[in-house]
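Hi everyone, thanks for coming. Please have a look at what's on the screen, and then I'll walk you through some side chains.

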Amino acid sequence: MLSANQEVEHIEKILRPWFDNHVFLKASRIGSYPLFVEEQQLIDGAVLSRRNEFSTGRWLARQGLRQFGLTQQAIEMGRLRNPIWPEPVLGSITHDADYCAVVMMEHAKHRELGIGIDLVNLPQRKEQLNGLGDMISSDRQELKAVSQLNPVVDPLLILFSIKESIIKALSFWLTEFIDMRSIQISSSNQLTCTLDDYRIDADIYAATSADNLVTAAKIYRIGS
């Protein structure tokens, strides 16, 4: 079993090859950190665990802003509960159980339209999707497609996390919450993704640390 610091290092080690060296990437154990007033208002009344998740994500994100030479500022929330990133930043935040991770990049230096990452604590979540498969996928071929990414982990859990990453990566484009079943993952030589009638050119990744499933999606093009 890894220590907390080792798990953080392992999460970062998984994410790093999926993104280039110009990207800010950092993970942390969840804690309590100060927030801007505008951010605090977004979680007024939330339970302590939710406040800590939120503040850790914003704390990591502000380190990214500093790396890019940007002013420290509030990172507010969009309609899909997604972070609203200041120009010229593109990013994604994920957290589950004890850990949080953030990936951020500058638009001008990359060709991605959107990025998304997702973290799933395996000991806590592996049994929670029982009976929920029909809410995640309407095509069992999707499970076969994603099983190639990590044969050790339940493919339904991988599919759930990948779709979470894709939805986060599409948050710049979506105007409302979508049904996970409207996203279709298929495979010939590599994974491909569609959303209803739209083909999405994307890179999709999945790997595991000792306790966490980590997935990511990078969106390059959306077309009919």
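Let's start with D96 and R125, whose side chains meet in a salt bridge at 2.6 Å, N to O. By salt bridge I mean a side-chain nitrogen of Lys or Arg within 4 Å of a carboxyl oxygen of Asp or Glu. D96 lies in strand β2 (residues 89–96) and R125 in helix α4 (residues 122–125), so this pair ties together parts that are 29 residues apart in sequence. Helices (H or I, at least four residues) and strands (E, at least two) are DSSP runs, numbered from the N terminus.

Are these two partners buried or exposed? D96 is buried, with a relative accessible area of 9%, while R125 counts as partly exposed at 24%. Those words have cut-offs: buried is under 20% relative accessible area, exposed is over 50%, and partly exposed is in between, with a 1.4 Å probe and protein chains only.

A quick word on where this comes from: it is a predicted model, in which local features need pLDDT of at least 70 and side-chain atom pairs count only at pLDDT 80 or more, while totals for chains, interfaces and linings use all residues. Residues are numbered from 1 along each chain as its sequence is written, and side-chain values use heavy atoms, leaving out hydrogens and water.

How many salt bridges does a search of the whole structure find? The search gives nine. Another one of them joins K218 and E112, at 3.8 Å, N to O. That pair links distant parts of the chain, with K218 in strand β8 (residues 212–223) and E112 in the loop between β3 (99–106) and β4 (114–121), 106 residues apart. Both K218 and E112 are buried. K218 has a second contact: its charged end sits over the ring of F19, 5.4 Å from the ring centre. For that label, NZ of Lys or CZ of Arg must be within 6 Å of the ring centre and within 35 degrees of the ring normal. R111 also lies over a ring face, that of Y220, at 4.1 Å from the ring centre.

One more salt bridge, please: R199 and D201 meet at 3.3 Å, N to O. R199 is partly exposed at 43% relative accessible area, and D201 is partly exposed too, at 26%.

Now for the aromatic rings. Searching the whole structure turns up three aromatic pairs. Rings of Phe, Tyr and Trp (its six-membered ring) pair if their centres lie within 6.5 Å; planes under 30 degrees apart count as stacked, over 60 as edge-to-face and the rest as tilted. Y33 and W59 have ring centres 4.0 Å apart and planes at 5°, so they are stacked. This pair also links distant parts of the chain: Y33 is in the loop between β1 (24–29) and α2 (37–42), and W59 is in helix α3 (residues 48–67), 26 residues apart. Y33 is partly exposed at 24%, and W59 is partly exposed at 30%.

Then look at W173 and Y198. Their ring centres are 5.1 Å apart and their planes are at 85°, so this pair is edge-to-face. W173 lies in the loop between α7 (155–169) and β5 (183–187), and Y198 in strand β7 (residues 198–208), so the pair ties together parts 25 residues apart in sequence.

F172 is in the loop between α7 and β5 and is partly exposed at 43%.

Finally, some backbone details. Most residues other than glycine have a negative phi, and most peptide bonds are trans. The peptide bond from E87 to P88 is cis, with omega near 10°, and P88 is found in the loop between α3 and β2. R81, in the loop between α3 and β2, is not a glycine but has a positive phi of about 65°. D196 likewise has a positive phi, about 55°, without being a glycine; find D196 in the loop between β6 (191–195) and β7.
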